[in-house]
Amino acid sequence: MAIEVGSIVEGEVTGITNFGAFLQLPEGKVGLVHISEVSNVYVKDVHDFLKEHQKVKVKVLSVDPNGKIGLSIKRLEPAPAQARRPEQDGSSNERRGSGDRRFGGDRRFNNERRAAKQQPAGPLSFEDKLSRFMKESDDRLLDLRRNTESKRGGRGASRAR
């Protein structure tokens with residue numbers, strides 16, 4: 001069986017590096033599973049997911065003319081369920097309990113509720129998403145600066161101890 005893009009093959013882990021794992025494939029070929037293609041969850045160390053001489057099924061992502069074969073394990077796993085965010089109608093107890101001003105609890109909650117009311121019904125264009133992101137970022141930076149200045153006494157200099 002030839003190794004083609006999109007095919008699913010079984011290979012044996014022959015080496016693990018800090019950027020991924022090398023697999024021995026059928027027909028004596030070697031492919032690489034990059035660290036970003038090992039699992040649907042964050043992978044800090046490939047050793048936590050794979051061991052040498054372990055047999056794994058992989059999907060072939062790319063085959064380049066130089067013989068490099070890109071593989072993926074996570075593309076064979078079912079997609080992770082998206083975590084549901086609490087509804088923004090004010091009925092969420094999780095949100096309401098986070099009133100710690102140091103972390104912008106009440107203010108952030110109110111800003112998110114306000115933003116939810118202003119969202120148009122249809123999908124947003126890239127420019128709309130970018131402008132919303134920039135506005136929210138500016139608001140958060142302003143809040144952070146105000147909070148930091150009040151802790152320093154408003155002078156911006158650290159106190160001598």
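What percentage of the 161 residues in the protein do buried residues make up? In this predicted model, buried residues account for 22% of the 161 residues. The protein contains three helices and five strands, and the five strands close into a barrel.

**Overall make-up**

- Read from the N terminus, the elements of the protein follow the order β-β-β-β-β-α-α-α.
- The accessible surface of the protein amounts to about 12100 Å², and carbon and sulfur atoms contribute 52% of that surface.
- Of the contacts between residues at least 6 apart in sequence, 48% link residues that are at least 24 apart.

**The barrel**

- Strands of a sheet pair through backbone hydrogen bonds, and the pairing may be parallel or antiparallel.
- Around the barrel the strand order is β1-β2-β3-β5-β4, with mixed pairing.
- From one strand to the next, the twist averages 50°.

**Strand β4 and its partners**

- Strand β1 covers residues 8-17 and strand β4 covers residues 55-63; the two run antiparallel and are joined by five bridges.
- Within this pairing, E12 has K55 in β4 as its bridge partner, while I8 stands opposite K59 in β4.
- Strand β4 also pairs with strand β5, which spans residues 69-72; this pairing is antiparallel and comprises four bridges.
- One of the residues involved is V60, whose bridge partner in β5 is L71.
- Strands β4 and β5 form a hairpin, and five residues lie between them.
- In the turn of this hairpin, G67 has a positive phi of about 100°.

**The aromatic pair**

- A pair of aromatic rings is described by two quantities, namely the distance of the centres and the angle of the planes.
- A search of the whole structure finds one aromatic pair, and this pair is formed by F19 and F22.
- The ring centres of F19 and F22 are 6.2 Å apart, and their planes make an angle of 85°.
- Why is the pair of F19 and F22 edge-to-face? The angle between the planes is 85°, and planes over 60 degrees apart count as edge-to-face, so the pair falls into that class.
- Is F19 buried, partly exposed or exposed? F19 counts as partly exposed because its relative accessibility is 37%.
- F22 has a relative accessible area of 30% and is therefore partly exposed.
- Both assignments rest on the range for partly exposed residues, which lies between the buried limit of under 20% and the exposed limit of over 50%.

Notes
Residues are numbered from 1 along each chain as its sequence is written. This is a predicted model: local features need pLDDT of at least 70, side-chain atom pairs count only at pLDDT 80 or more; totals for chains, interfaces and linings use all residues. Side-chain values use heavy atoms; hydrogens and water are left out. Rings of Phe, Tyr and Trp (its six-membered ring) pair if their centres lie within 6.5 Å; planes under 30 degrees apart count as stacked, over 60 as edge-to-face and the rest as tilted. Buried means under 20% relative accessible area, exposed over 50%, partly exposed in between (1.4 Å probe, protein chains only). Contact means heavy atoms within 4.5 Å. Accessible areas come from the Shrake-Rupley method with a 1.4 Å probe; for residues, only the protein chains shown count as cover. Two strands pair if DSSP finds at least two bridges between them. Axes are lines fitted to C-alpha atoms, for helices over the stretch in contact, and angles run from 0 to 180 degrees between N-to-C directions.
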